[in-house]
Amino acid sequence: MRSLLHVLNLSVQSPNRPILHDVSFTLEPGQILAITGESGSGKSTLALSLMGLLPPGFQTNGSIRLEKTELSTLPEQDWCQIRGKRLSMVFQEPMTALNPTRRIGTQIGDTLRLHTTLSRREIDTETRTLMEQVGLSEAGVSERAYSHQLSGGQRQRVLLAMALACQPELLIADEFSTALDARTQAAMMALVTRRCKTQGMAVLMISHDLGLVRRHADHVLVMKDGACLEQGTTASVFNAPRHPYTQALLTMSLHGTARTPLTPLPVFTVPL
């Protein structure tokens with residue numbers, strides 16, 4: 001099968017220090033790749049790199065290729081034609097990702113206005129459909145509502161609706177289900193998985209929830225200190241982890257109980 005996303009030796013340097021070190025992986029259409037690891041391991045920086053949204057002063061090296069398009073050297077004008085259409089992202093902080101001065105229905109429709117030739121009436125219809133798909137209509141949320149009137153979980157679902165609007169080839173989801181209750185989380189993962197199967201959408205899912213990763217991901221990449229320590233199929237990583245850090249992470253996250261004393265993860269030095 002062809003690779004949709006091919007990342008080779010991606011490194012990111014901030015103005016003060018290196019953040020990512022030679023990260024490489026591939027992602028095929030219809031697959032879900034989970035990126036996991038402790039806070040500060042570089043997961044969100046990796047996601048922003050793939051979207052061309054790193055802050056000013058950050059420098060990247062390596063290759064990020066979306067099929068035949070090299071993204072690492074893409075001008076901003078070309079990025080604007082790709083973001084929201086071919087690849088989209090659900091950001092970790094929905095309150096800061098949404099515009100507080102505009103109604104949520106308008107913000108969902110903006111992606112369609114920018115990247116499609118749909119009429120105003122068709123955009124309004126599609127916006128209502130997207131709100132139904134992510135469960136906002138069922139929860140009584142109006143498209144005329146503002147983001148400050150919504151809960152954290154509802155704001156996350158607005159971002160998901162925006163990200164799915166143009167049926168992207170790649171969805172990057174950065175902790176997009178953290179504010180959702182178990183029932184809603186299951187419904188949103190079912191929606192995303194269905195898009196993978198029916199439309200061939202690939203998903204790069206960033207999550208600390210190893211139970212969620214185990215249930216839904218096809219492949220897993222484990223990060224620490226900006227480096228990839230281990231990657232493979234979900235079954236191989238969970239059933240036979242090779243790296244001591246992965247073994248410790250799984251033991252603490254999946255096998256601990258309420259009575260198990262909290263034990264710090266061992267310190268591993270990542271070779272740079």
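This is a predicted model: local features need pLDDT of at least 70, side-chain atom pairs count only at pLDDT 80 or more; totals for chains, interfaces and linings use all residues.
Trainee: What makes β3 and β9 a pair?

Mentor: The requirement is at least two bridges, and 4 bridges join β3 (residues 32-36) to β9 (residues 219-224), therefore they pair. These strands run parallel, with Val220 in β9 as the bridge partner of Ala34.

Trainee: Why are β6 and β10 called edge strands?

Mentor: The open sheet has 6 strands in the order β6-β7-β8-β3-β9-β10, with mixed pairing. Both β6 and β10 (227-233) pair on one side only, and are the edge strands. From one strand to the next, the twist averages 15°.

Trainee: How do you know that helix α1 packs on the sheet?

Mentor: Contact requires heavy atoms within 4.5 Å. Helix α1 (residues 43-51) touches β3, β6, β7, β8 (202-206) and β9, and its direction makes about 150° with that of β6. Helix α6 (residues 152-164) also packs on the sheet; α6 touches β6 and β7, and its direction makes about 180° with that of β6.

Trainee: Which way do the residues of β6 point, and are they buried or exposed?

Mentor: Leu87 and Met89 point one way, whereas Ser88 and Val90 point the other way. In a regular strand, side chains alternate between the two faces of the sheet. Buried means under 20% relative accessible area, and all four of these residues are buried.

Conventions:
Residues are numbered from 1 along each chain as its sequence is written. Side-chain values use heavy atoms; hydrogens and water are left out. Buried means under 20% relative accessible area, exposed over 50%, partly exposed in between (1.4 Å probe, protein chains only). Helices (H or I, at least four residues) and strands (E, at least two) are DSSP runs, numbered from the N terminus. Axes are lines fitted to C-alpha atoms, for helices over the stretch in contact, and angles run from 0 to 180 degrees between N-to-C directions.
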